[in-house]
Amino acid sequence: MGARDLAEVRFAVSPVAEVVLSLRALREPGRFPLQLGWVRAVQPRVRELEWDVLRWLVNDTMGSPDFLTPRPSSPLTQFADELQVIGAVDQETFERQLVAVHGELPQGISAGKVVEALEQYWQAVIQPYWGRMRTLLSADISYRGHVLTQHGTGAMLNGLGPAITYADGLLKVDRVSDPSRTERIDGRGLVLQPTLFGPHAVIPFDVGAPPLLGYPPRGQAHLWSVVEPPSQQDLAQLIGTPRARILQLLTYPRSTTDLAGELKVTPSAVSQHLQLLRRTGLVEPQRTGKQVLYRTTELAALLTGTQVD
């Protein structure tokens, strides 16, 4: 990595990468002790999935075709958008990468069937837990950003995990590929992607693929701990009755005026509560035309035990 490459390091989250890489945990759960809570939770639904297709998405050494994990561009990447990219892969790339990973071209498999199988898998075993997963991944990115601004890119890279080290322009990733290889970033930009299903690190399968490094996020040990959400009374004692009531009402995006009418108070009173909830990361605004609507965040979902769309 040159100086320019270091300056252009960026972070992203990929829902579809979590889908594809999670197949590893179902295949060999003993290698993923931190995700056993998820593995146990989804077992009743696993048998109903389309394994005639899914079994070809990860090989015996945990490799996957790169077209299944397109390089994400943002921490806000959406699963549906990534599915469109996978569905549009050209036939030559589709066949070449499957053969490279498996040594053969599976019969009766197509990009369309892969998209259908991934969509079914997402709905059954990832989407119900995605709010919790995304919160942890986003929190890790925030932490890495803090390290980068306080201590520099080198310190941030050296803190990504025990299998990842950086020194003198070389970012070294151990225990990933065999045989070893060296690649130059050459201005293509390095994307760092936290992933729950890469115990050490994840890199593209193809030599010369767009530079991407998946690394293990912090805080996984407690990800699947079952904690009962507080009662409405407890929540009211914690953040105050009006603010607890606002969180309860935000089952869909609503305006300050709408909430004020529901609570029978002035819009200015609601606005004060919303500003505090916003500063503490429990609600976020979204503009629709000239109107500003408020919705709850993943943090609020964890606090209240509800789901965020």
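## Exposure of S142 in helix α7

At 52% relative accessibility, S142 counts as exposed, because exposed denotes over 50% relative accessible area, buried under 20%, and partly exposed the range in between, for a 1.4 Å probe and protein chains only. S142 belongs to helix α7; helices (H or I, at least four residues) and strands (E, at least two) are DSSP runs, numbered from the N terminus.

The model is predicted: local features need pLDDT of at least 70 and side-chain atom pairs count only at pLDDT 80 or more, whereas totals for chains, interfaces and linings use all residues. Residues are numbered from 1 along each chain as its sequence is written, and side-chain values use heavy atoms, with hydrogens and water left out.

## Packing of helices α2 and α7

Two packed helices are described by the angle between their axes and the distance between the axes. The axes of helix α2 (residues 15-27) and helix α7 (residues 111-151) come within 10 Å and cross at roughly 105°. This makes α2 roughly perpendicular to α7. Axes here are lines fitted to C-alpha atoms, for helices over the stretch in contact, and angles run from 0 to 180 degrees between N-to-C directions. Angles of 65 to 115 degrees count as roughly perpendicular, under 35 as roughly parallel, over 145 as roughly antiparallel, and the rest as oblique.

From α2, the contact (heavy atoms within 4.5 Å) draws on P15, V16, E18, V19, V20, S22, L23 and L26, and from α7 on L118, Y121, W122, I126, W130 and L137. By class, these residues divide into 12 nonpolar, 1 polar and 1 charged. The nonpolar class holds Ala, Val, Leu, Ile, Met, Phe, Trp, Tyr, Cys and Pro, the charged class Asp, Glu, Lys and Arg, and the polar class the others, Gly among them.

In soluble globular proteins, nonpolar side chains tend to be buried together. The largest nonpolar core has 65 residues, and those with the most contacts inside it are W38, V114, L118, Y121, I126, M133 and L192. Helix α7 supplies the largest share of this core, 17 residues. Such a core is a set of buried Ala, Val, Leu, Ile, Met, Phe, Trp, Tyr and Cys residues joined through side-chain atoms within 4.5 Å.

Not counting residues up to four places away in sequence, L118 touches V16, V19, V20, L57, L68, F79, L83 and I86. Another core, of 17 residues, lies apart from the largest one and includes V270, L274, Y294 and A300.

## The parallel sheet β1-β4-β5

An open sheet is formed by 3 strands in the order β1-β4-β5, with parallel pairing. Strands β1 (10-11) and β5 (212-215) stand at the edges, each with a single partner strand, so one side of each is left without a neighbour in the sheet. Two strands pair if DSSP finds at least two bridges between them. β1 is joined to β4 by 2 bridges, and R10 stands opposite V191 in β4. Strand β4 (residues 191-194) pairs with β5 over 4 bridges; L192 has L213 as its bridge partner in β5, and V191 has L212.

In a regular strand the side chains alternate between the two faces of the sheet. In β4, V191 and Q193 point one way and L192 and P194 the other way, and all are buried.

Strand β7 (residues 283-288) and β8 pair in the antiparallel sense over 6 bridges, T288 having Q291 of β8 as its bridge partner. Their hairpin has 2 residues between the strands, and G289 takes a positive phi near 65° there. Strand β6 (residues 254-255) also pairs antiparallel with β8 (residues 291-296), over 2 bridges, with S255 partnered by L293.

The axes of helix α10 (residues 241-249) and helix α12 (residues 267-279) come within 10 Å and cross at roughly 80°; the two are therefore roughly perpendicular to each other. P242, R243, I246 and L247 of α10 meet V270, H273, L274, L276 and L277 of α12.

M62, which is not a glycine, has a positive phi of about 70°. M62 is found in the loop between α4 (51-54) and α5 (79-87) and, at 4% relative accessibility, counts as buried. D168, also not a glycine, has a positive phi of about 55°. D168 lies in the loop between β2 (164-167) and β3 (170-173) and is exposed, with a relative accessible area of 82%.
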